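Hi,

Here is the structure I promised to pass on.

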Amino acid sequence: MKKKLKVITFLAAALLVAAVFIYQRAEHFAGQRLAISQETIFTLPAGTGRSGLETLLNEQKVLAPSPWFAWLLRIEPSLANVKAGTFRFTPGMTVREMLALLVSGKEAQFSIRLIEGLRLRDWLQVAQAAPYLKHQLAGKDEAAIGAALGMKPGEPVEGRLYPDTYLYTAGMSDLSLFKRAYTRMQKTVDEIWAQRAPNLPYKTPNDLLTMASIIEKETAVSEERDEVASVFINRLRIGMRLQTDPTVIYGMGDAYKGNITRKDLETPTPYNTYVISGLPPTPIAMPSLASMQAAAHPAKTPYLYFVANGTGGHTFSTNLENHNKAVQRYREILKTSTGR
């Protein structure tokens with residue numbers, strides 16, 4: 001009986017020692033750093049079990065194979081309650097921190113910058129190239145995109161999406177992002193339209209957006225946006241054609257190859273403001289908040305003309321004679337800079 005008791009005691013002690021050893025090794029393993037030297041995006045599919053998780057981590061060289069991974073999850077089962085998703089692992093992260101991130105379900109966020117002054121087709125290309133984004137709008141025309149956004153038939157998408165940097169998680173759709181941009185632009189336009197200066201020659205918020213898009217394409221200098229706006233407002237008020245090149249370029253579509261010829265200026269399109277009177281039918285780009293504010297609150301000036309001054313800004317004139325002189329000065333600056 002005593003001998004049997006000694007055996008039981010010995011086995012219990014051995015088991016205790018083994019348990020302590022396993023616990024210590026598993027805890028030591030939990031504190032080890034991941035086997036990555038750069039940021040790593042890791043996707044855990046839904047329904048992945050413990051062994052499947054370990055296999056994925058080994059295959060993607062996040063972790064080297066180790067017997068202590070399985071033991072760690074047995075000792076601390078809360079670390080095994082991982083959630084499916086796409087996560088961002090960073091160098092220096094420990095095994096415990098990695099598992100805690102998977103348990104939290106805090107997926108990696110990615111950013112996409114939808115830049116003011118670009119067209120809808122440009123934004124679609126940016127979205128198409130964005131990683132981990134689900135593409136629901138690829139190949140759709142503007143009418144189909146408008147319908148997907150919940151817009152009225154015939155309502156243009158161009159100019160109706162708010163430029164900004166948007167965050168998304170893996171699997172989110174480009175349609176979802178564009179809906180956020182559309183909702184935000186609607187709210188912004190409503191606010192600006194309600195607070196616009198009195199007696200502006202706009203009939204609808206679309207007119208204001210169209211003007212803002214032209215301002216956006218004509219200048220990148222914040223300080224002169226309201227002056228550019230004043231030129232176009234003054235022209236509208238006296239029935240003078242806007243004669244702005246960006247509208248011509250937009251109307252040319254794919255035919256534009258980088259230069260505008262005299263023939264292009266004389267060829268009628270709904271957007272050629274050298275031929276048509278008033279504003280074109282839709283915006284020609286996605287305008288920034290600054291350009292919308294300038295369109296809603298133009299400066300009060302006598303200007304009817306402006307031309308680039310060679311330093312990034314523009315020279316404004318009240319009459320054609322002074323404008324032609326400013327154009328000649330700009331041409332001389334171009335000749336000096338190009339040596340031609």
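**The largest pocket**

The largest pocket has a volume of about 990 Å³. By pocket I mean an open set of points on a 1 Å grid over the protein atoms alone, where a 1.4 Å probe fits, with protein on both sides within 12 Å along at least five of seven lines. Lining residues are those with an atom within 4 Å of a point. Grid points are joined across faces, edges and corners, and the volume is the space filled by probe spheres set on them.

Before going on, a word on where this comes from: it is a predicted model, so local features need pLDDT of at least 70 and side-chain atom pairs count only at pLDDT 80 or more, while totals for chains, interfaces and linings use all residues. Residues are numbered from 1 along each chain as its sequence is written, and side-chain values use heavy atoms, leaving out hydrogens and water.

Back to that pocket: 27 residues line it, and Gln243, Asp245, Tyr274, Val307 and His323 lie nearest its centre. At least two lining residues each come from α9 (225–238), α10 (245–252), α11 (262–266), β5 (305–308) and α13 (320–338). Helices (H or I, at least four residues) and strands (E, at least two) are DSSP runs, numbered from the N terminus. The biggest contributor to this lining is α13, with 7 residues. By class, the lining of the largest pocket has 18 nonpolar, 4 polar and 5 charged residues. Here Ala, Val, Leu, Ile, Met, Phe, Trp, Tyr, Cys and Pro count as nonpolar, Asp, Glu, Lys and Arg as charged, and the others, Gly among them, as polar.

**The second largest pocket**

This one holds about 190 Å³ of space. Its lining includes Lys152, Glu155, Arg160, Tyr182 and Asn206. The lining of the second largest pocket divides into 5 nonpolar, 2 polar and 4 charged residues.

**Two helix pairs**

Helix α9 turns up again here: its axis and that of α12 (residues 289–296) come within 8 Å and cross at roughly 45°. Axes are lines fitted to C-alpha atoms, for helices over the stretch in contact, and angles run from 0 to 180 degrees between N-to-C directions. The two helices, α9 and α12, are therefore oblique to each other, as angles under 35 degrees count as roughly parallel, over 145 as roughly antiparallel, 65 to 115 as roughly perpendicular and the rest as oblique. Arg225, Asp226 and Ala229 of α9 meet Ala290, Ser291, Ala294 and Ala295 of α12, where contact means heavy atoms within 4.5 Å.

In the other pair, α2 (residues 50–59) and α3 (residues 68–75) pack at about 140°, with axes 11 Å apart. That makes α2 oblique to α3. The contact is made by Arg50, Leu53, Glu54 and Leu57 of α2 with Phe69, Leu73 and Arg74 of α3.

Thr269 itself is in the loop between α11 and α12.
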